[in-house]
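Here is a short briefing to read alongside the model. Have the viewer open and follow along.

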2 protein chains.
Amino acid sequence: MSHETIDATGTLPAEAIDAIERAATSAHRHEELFSDRAANIRQSAVRDVFDISMRPGLVSLAGGSPYLQSLPLERLGATAARIIAEDGLTALQYGTGQGTLELRTQICDVMAAEGILDALPENVVITAGSQSAQDVATKVFCNPGDVVLVEDPTYVGALNTFESYQVQVETVGMDESGLVPELLEAKIAALQLSGKSIKFLYTIPNFNNPSGITLAKERRQQVVDICRKANILVLEDNPYGLLRYSGEPLPPLRADNADDVIYMGSFSKIFAPGLRIGWALVPEHLQRRYYLAAESVTLCPPTLNQMLVSAYLRDYDWKGQIETYRSLYAERCQAMLAALKEFMPAGTTWTTPEGGFFVWVTLPEGLDTYPLLHKAIDAGVVFIPGAAFTPSDEPSNKLRLAFSAVPPEAITEGVRRLAPVLQEAIAAL
Amino acid sequence: MSHETIDATGTLPAEAIDAIERAATSAHRHEELFSDRAANIRQSAVRDVFDISMRPGLVSLAGGSPYLQSLPLERLGATAARIIAEDGLTALQYGTGQGTLELRTQICDVMAAEGILDALPENVVITAGSQSAQDVATKVFCNPGDVVLVEDPTYVGALNTFESYQVQVETVGMDESGLVPELLEAKIAALQLSGKSIKFLYTIPNFNNPSGITLAKERRQQVVDICRKANILVLEDNPYGLLRYSGEPLPPLRADNADDVIYMGSFSKIFAPGLRIGWALVPEHLQRRYYLAAESVTLCPPTLNQMLVSAYLRDYDWKGQIETYRSLYAERCQAMLAALKEFMPAGTTWTTPEGGFFVWVTLPEGLDTYPLLHKAIDAGVVFIPGAAFTPSDEPSNKLRLAFSAVPPEAITEGVRRLAPVLQEAIAAL
């Protein structure tokens, strides 16, 4: 699909999907069969730009793919070979719905490195990446019309998942220290006053995707307390938590709040996304239904993939690899920030992340970054327009730049190409 | 969990889950947050008995696991090693939501071996086993209260999926030639008369799980025509289709009905379930929404697993391996049928499958096989009670015996242990 068909939110509107389907089939009567929720399922702008990004010569600052070149591929291959040759009857067979006990136990160690010290393997449910953990949470808690609170901006994949369950997604404002507790409190009060049923707050407290912003230490317990008081669960998504390269480590919201937070982790950023292994750490009193819902979707997570992650955590220096990633991403982040400082036109600002993959650029009010994407592609660089990361259909003067997958010199070149596109737009204001 | 807590349907009733959670937490107020659908998500009896089956000394005729011992594990390990060492940057990275073009193209060849000659890779969506393909179909088509038609009996995992979407599951009777078209027609008429919205018929036409029954050739087009006339989609689940060891191959319902059938296939039975790779072949006019819904659940299928399946289909004699499986399962089926003939008490009957993994045993009317499971376990053998395979809560006088994962002598021994349990129950009638 060409980018001309994407609307201002960076997603294909339901009507456009209808139109495509009508054109292909001259209004097949099967369309009457679609569920109400089907109309809410949209194409992610990130996935859409993913295809465009593959064009040779383009610098893609769009996708948040990890840089896998530093993994010991030869050795990992030998490990996979050994697992299949020696344990293939287990690795290639059905497993339990919750995931292997070995990996769930090791995941508790990974979470301990994050600051969660009381996790038990029986409360861990292994999922197909943390995307699937979000899907299961929405399935278990949300009726159509229920409210889910999200940061503004937030992860586009989570928005797609929530909307596929016909949930009303409501945003809470952030500042440079993350989610603003007063705004959260006010939003909850207003929604509950109007009779809305709020089920959970979805938050990425460390190096938020797309903004790169981290929730300040002093706000963390406050956010959980506000939610607890209102009987709202917290869904904490923390894929980048271990990829901090400056500032002091902060405890996850889950650390001291075992009953109130569903914590979601992933091996996609600290090991390999192609294995699709993530997890949810679920409060004990919610674990059983969560696990059964996960099982009804996929029966069980792939056994081979779990065993490969287990071997990686058991036999490799996974913490050393995270150190490698940290210095790699720190260097790329520095390259990005230096290039922004050098090339960005007056009137633009951007965030300074302490970890993760993304920088969030703000243009002057009144500009819409969506139409600029076409011009940027013509100039040889790709970004994701800000509107993709909010549930509203409003134009956005923000854009996301990812530095994780691109070497420093390409980052510099990408920003150099982007600058005149933004300059021209600002000049035309 | 002990089997004493399973109810007559072979599933944990919602109230029992509530009770467990209340006991664990003294009625945590988070329970107010569960979605309406969460109450419908149940433990599968098959999964439950899966744990019991692991006890040493027991003969498990419960689980339908494939027998993987005949796979070339050493060579498959070397293939995985090569994929990761040489193509690891692709194999371990995010992929496209629909699955790799290479595997989707190869899947068209696999379907051609089944008799589907017009499949296009662009209409194939790769999923986490066919379980996930069922989940996505229900998501895209079913509102709460909509009707899904199923054979009686049918696959327990599909029932769990349908019920998790608050769908009304209605059964259609089978005889020894499969689904009875007249009963299907009458059921549809009655439901539509009462104002119900019927979205699809879920059917396993070849070697039905659990009954082993195959839909007769002359009924196949009839079933599709009845559904087409009523604007009802057909969901054809065909994991065992290539594992036929007697009788003539029959074309899938999809073969001549590209617009009306969503066809679901899986590598779980013809290759390796631990990779969790299945697929849906979706009518062109429905493909886009189906694919986007799949993406919103898992982002993308695991790349490494897809590449391993691709290498298997490209570089190995996969058709020869299916021949190996066929003779293996034919031998086990013969052992099962011979043992049933030798040991089963008067008053029992059973099906004679032409392929697949299962035999379906019927006891005299008035008996309930569920309480017999406890006695069978005491006697050293496990089966799945028939009630697990229907949506009703009624007791069932049927039981499923799987012969796929157990050597012939163990099958004989298992049936020998089962016979006196059934004999005693019949005598006590």
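Through which surface do the copies meet? They meet through the same surface, because 100% of the interface residues of chain A are also interface residues in chain B; contact means heavy atoms within 4.5 Å. This is a predicted model, in which local features need pLDDT of at least 70 and side-chain atom pairs count only at pLDDT 80 or more, while totals for chains, interfaces and linings use all residues. Residues are numbered from 1 along each chain as its sequence is written, chains are lettered from A and ligands numbered from 1 in the order written, and side-chain values use heavy atoms, leaving out hydrogens and water.

**Symmetry**
- Chain A superposes on chain B by a rotation of 180 degrees with 0.0 Å of shift along its axis, at RMSD 0.0 Å (least squares on C-alpha atoms of residues with pLDDT of at least 70 in both copies).
- That is the relation of a two-fold axis.
- In chain A, the C-alpha nearest the axis belongs to A:Ala81, 2.6 Å from it.

**Helix packing**
- In chain A, the axes of helix 3 (residues 73-91) and helix 10 (residues 303-315) come within 10 Å and cross at roughly 130 degrees; axes are lines fitted to C-alpha atoms over the stretch in contact, with angles from 0 to 180 degrees between N-to-C directions.
- Helices are DSSP runs of H or I with at least four residues, and strands are runs of E with at least two, numbered from the N terminus.

**Domain record**
- UniProt, in an unreviewed entry, places "domain: Aminotransferase class I/classII large" at residues 70-418 of chain A; such annotations may be inferred rather than shown by experiment.
- Over residues 70-418, chain A is 44% helix and 16% strand, with end C-alpha atoms 28 Å apart.
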